[in-house]
Amino acid sequence: MALRRGFKSEAERIAKQVRADLGLNGSQSITPEMLANLLGIEIWPGDELIPRERFIELEQIQPGAFSACTLRPSDDRIAVVYNPLSSHSRRTSDLAHELAHILLDHNLSQIVRLGDITFLSCDQTQEEEAAWLSGCLLLPRALLLAEVRRGSDAKTIAKRYRVSEKMAQYRLNVTGVVRQHQASKRKRRNSRG
Ligand SMILES: [Zn+2]
């Protein structure tokens, strides 16, 4: 399914606004904790709610099944709960994904059951929007372009911004920054004759 027209630029705008609100420049890394703080949202490791063994069991039944989810413990509180077994980079992207849903004002409506754990999820379009926005939040286009200009590859970017290499590579591909950089290099070369 394709994202609606204009959504990608809207996502970059939101990412830029969030950075401005946090007083970050274009090249500073952002953490989900900073973002949650800005939005007044709590972050809980899942094993504060459910025993850690349950996550281990779930992982054995269906690997990767539970990443993170959003709860409303009371009317005035929102909490994002993450899988305590996830790696740091996985947790970062899962939390960014949940925070993206909140930034986009998505409503959690679909009930998903995993074993005997129930949680709410969004429809497919909203899932895709959150996935896209979370990438923009962690690695906005302008930041990627600046990194590519200084010769960074996906591995370097992943390390510097504490995301997975897969995510860094994905963002490099979908934003087209490598192509843009190469085209501008070609142009400079050609104009030199
Ligand atoms: Zn989602």
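**Entry 1**

I started at Ile-43, which stands opposite Val-80 in β3. Strands here are DSSP runs of E with at least two residues, helices are runs of H or I with at least four residues, and both are numbered from the N terminus. I noted that this is a predicted model, in which local features need pLDDT of at least 70 and side-chain atom pairs count only at pLDDT 80 or more, while totals for chains, interfaces and linings use all residues. Residue numbers start from 1 along each chain as its sequence is written.

**Entry 2: the sheet**

I then looked at how the strands join up. Four bridges link β1 to β3 (residues 77–82), and these two strands run parallel. Two strands pair if DSSP finds at least two bridges between them. I found three strands in an open sheet, ordered β1-β3-β2, with mixed pairing. The edge strands are β1 (42–45) and β2 (68–74), each pairing on one side only. Neighbouring strands of this sheet are turned by 30° against each other on average, direction ignored. For such angles, axes are lines fitted to C-alpha atoms (for helices, over the stretch in contact), and angles run from 0 to 180 degrees between N-to-C directions.

**Entry 3: what packs on the sheet**

Helix α4 (residues 88–103) packs on the sheet and touches β1, β2 and β3. Its direction makes about 50° with that of β2. Contact means that the C-beta atoms of two residues, placed from the backbone, lie within 7 Å.

**Entry 4: α2**

Which residues of helix α2 (residues 32–39) are buried? I found Pro-32, Leu-35 and Ala-36. Buried means 20 or more other C-beta atoms within 10 Å of the residue's own; exposed means 12 or fewer, partly exposed in between, with C-beta atoms placed from the backbone. Seen down the axis of α2, the buried residues fall within an arc of 100°, so they line one face of the helix. The arc is that of the directions from the helix axis to the C-beta atoms. These buried residues pack against α1 (7–21), β1, β3, α4 and α5 (124–138). After α2 comes Gly-40, with a positive phi near 70°.

**Entry 5: α4 against α5**

I finished with this helix pair: α4 and α5 pack at an angle of about 115°, their axes 8 Å apart. Among the residues that meet are Ala-96 and His-97 in α4, and Ala-130 and Leu-133 in α5.
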